[in-house]
Amino acid sequence: MEPLIRVRGLSKRFGKGCEQCLNCTGPLYDTNLCPHCGSVVACNDVSFDLFRNEALGIVGESGSGKSTLVRLLNFEWEASGGTVELHRSALADTLPELFAEQSLYSRNLLGLTSFQKRQIRNALIGIVYQNPFLGLRMNISSGGNIAERLLGAGWRNIARMRERAAELLDKTEIPVERMDEPPRNFSGGMQQRVQIAKALSNNPLILFLDEVTTGLDLSVQARVLDLIRTLRSEYKLSLLVVSHDLGVINLLCQRTMVMKHGQVVEAGLTDQILQDPQHGYTQLLVASQL
Amino acid sequence: MLLNEWLNTPAGSKTESGYPFAFLDQGAKKEIRRSILKAVAIPGYQVPYGSREMPIARGWGTGGIQITLSLIKQDDILKVIDQGCDGSVNAVNIKKFIQAVARVALTNDTVEATVIQTRHRIPEETMTSEQILVLQVPYPEALREVEASEAETRRMHAEADYSRMWLHLYEDIVNYGEITISYRYPVTINKRYIMDPSPIPRWDVPKLHMAETLFLFGAGREKRIYAIPPHTPVEPLEFEDHPFRVEDFSGKSCQRCGATDTFLDEVIDNEAGGRTYCCSDSGYCDKRSAIWNR
Amino acid sequence: MITVENLSKEFTLHILESKKIQACRDVSFTVPKGGFLGLSGASGAGKSTVLKCIYRTYLPSSGAVWYESGAHGRINLAALSDREILDLRTREIGYVAQFLKVVPRISALDVVMEPILARNGVSRDEARRRGMELLERLQIPKHLFDAYPATFSGGEQQRINIAHAVSWRPRLLLLDEPTASLDRGSVAVVMDLLKELRQQGTTMIGIFHDTRLMNSVTDAVLPLC
């Protein structure tokens, strides 16, 4: 089976940049900061494949570039280099102009107009952030938050949108009677679940989860993770799970990438990464686990 | 010469040298006309322009006046209304000013006018393809309600990213059972831009759709011009199960002329303590009153 | 069915200044289809290492693991890509670890049902029936079926672990001390289960701490040192 998304050489640099940036930063140099021009290289030549119906974990500490990676793939930030290609089966119906005749993969999505990127995002991608304030509008009702994606996709029937919102809230174990309350009134775990409901509203193929349970109480964390597992197998989603918590990665993901200073230092099966880590940094991470 | 003296110079006299025809210099007129052409070419798109200094303050119709002054010809017949009324102070002042600088004839009759400048209402009598309606606009940006940043609203228009506007309407329905916007009701024009039709009541919004007339919108303080060319679809934002509706005047009629199919102003009798209704479009009401001998 | 050729595994511990630890060296053996091989040796001799190298939890340092796959023919497990290994783990190769990996909010019955639902394409009711049957055989009390295994005894957890592994009838089953925490009665039940699986054609490689038990159930024993 071919991958759903192919990422090759993805890089993100903050600052004016120079030719040396990618070669002078990374785990070998133990820094993200380019010594020549002072730019910060957040992501450095990252390549990987994401397949349908799988969960890929990205592990790293602060500054590893894992969250940057997710923002780049969600088209929130402009990449400095690299390619992101989607498989024909995901997108050829919505945006046929992106696929050359007979080509299995699209052209580089990073080069598209904001309008096209937004279309792709609306059709294929859902994202859940660590901080619910990033992913939700706190002064809009929860149902409204979910409806926003539907409205963006052209839904124009209030009753049907509310039905869909209720369905999703039910799936994420939020009492449907609270659909018209703003998420500001909810607990942290519930806010995360509203984010998940919102992310699923347009039936995405891919879900980005950026440290979604960090900071939540344990029992809440268990509930949210269990929910994610169930939804993934039910909807056959592809998940990209970013976390610094190896336990979360172990629970959700079969394959994992380890990032340090913007580069991928190791990638493999999750149990292999945890029990037979090859790279020194991975060994350090695994040894540091509580 | 002081402006007062010039205003009192009888019609037919030569315009004082130093003041061009219709007050604006040629450069200003050309720029405004080019902006108008661009606005007509892209229905609903807010064209930025260099809003000139006018002898009245911003917020009193300078945008509408600049458009009228750029288009008006000596053989035009001008009508100016304010909230539908020909006799309001602002309408009268604007009329007198334009007449002084362009020597045009004035009228209160919608049918007779060739150019009508209006604040916040569209006349009841349907206008023709030979007429132009110039509307005064305080806030040209339809999305300002949901987004304070000008840069962001421009991006939203450019990318047709209007979900937040729709979300605002959804929230209204959830909180109040219906969309609560009464004037400045957002419309989609030519199936592309969301536009603010200026603070006209809902009653007037359907008049914009596939009309014969050219509608021009001028915002002097905000420095924007936009337009609805004839035969352009103008659709108010609505939901399938919550359609757009206009104000309900059932059971009410105009006290002066008896009309039951016009937009009515509510008049409260402070002394007797009662409530009566009157046509907002005073010119039309006058006509009807004359016919019905009231 | 499976042939291990000169398998060696060495760990390099970077955080201890690249200290090297030899876990197993030059291990070779063959197991015919339906056969049951036992691995014996002192603690630290590398028995678990060999199993984990086959399952690819460990990356072999050198050597090959030739396996007759039902879907792909004769392949070297040590040289496969991550996705190919995952595919085999889902469809052909099972692993019973020493301890149950506890997943929060999943009941004992769900733990056993999950592999059946994921692989055998049966209805939820059928999977439930099979799961309950299996748990009953393994003497898990009925009232625990819907409980969460986190608070079960070690023996109960391990029996659920075994049920989880055998419920889907793998072609190759790797067992790492499966009966270490079980009492004699449970051991007998588990051995019966394994015998049934073997009769249905599953090949097995196992490590047992009880040498007598191992000798009684396996066809051959490979001593590691």
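Begin by selecting chains A and C together: 14 residues of chain C are in contact with 18 residues of chain A, two residues being in contact if their C-beta atoms, placed from the backbone, lie within 7 Å. On the side of chain C that touches chain A, the largest share, four residues, is supplied by helix α2 (residues 82–91) of chain C, where helices (H or I, at least four residues) and strands (E, at least two) are DSSP runs numbered from the N terminus. Sorted by class, that side of chain C has eight nonpolar, two polar and four charged residues; Ala, Val, Leu, Ile, Met, Phe, Trp, Tyr, Cys and Pro count as nonpolar, Asp, Glu, Lys and Arg as charged, and the others, Gly among them, as polar.

What is on screen is a predicted model, in which local features need pLDDT of at least 70 and side-chain atom pairs count only at pLDDT 80 or more, whereas totals for chains, interfaces and linings use all residues. Residues are numbered from 1 along each chain as its sequence is written, and chains are lettered from A and ligands numbered from 1 in the order in which they are written.

Now show every chain. Two pairs of chains are in contact, and of these chains A and B share the most contacts; no contact joins chain B and chain C, whose closest C-alpha atoms lie 35 Å apart.

Next, select residues 188–200 of chain A, which form helix α8. Its 13 residues should span 18 Å at 1.5 Å a residue, and the end C-alpha atoms are 19 Å apart, which agrees; the expected span is 1.5 Å times one less than the number of residues. Twelve of the 13 residues of α8(A) are buried, so this helix is largely enclosed by the rest of the structure; a residue is buried if 20 or more other C-beta atoms lie within 10 Å of its own, exposed if 12 or fewer, and partly exposed in between. The cover over these buried residues includes β5 (125–128), α6 (142–152) and α9 (218–235) of chain A.

Move to chain B, which is divided into domain 1 (3–141 + 185–236) and domain 2 (249–294), with bounds that come from an automatic or database domain assignment. The centres of the two domains, taken over C-alpha atoms, are separated by 27 Å, and 14 residues of domain 1 are in contact with eight residues of domain 2.

Finally, select B:Thr260, in the loop between β10 (234–236) and β11 (264–268) of chain B. B:Thr260 is exposed, with 12 other C-beta atoms within 10 Å.
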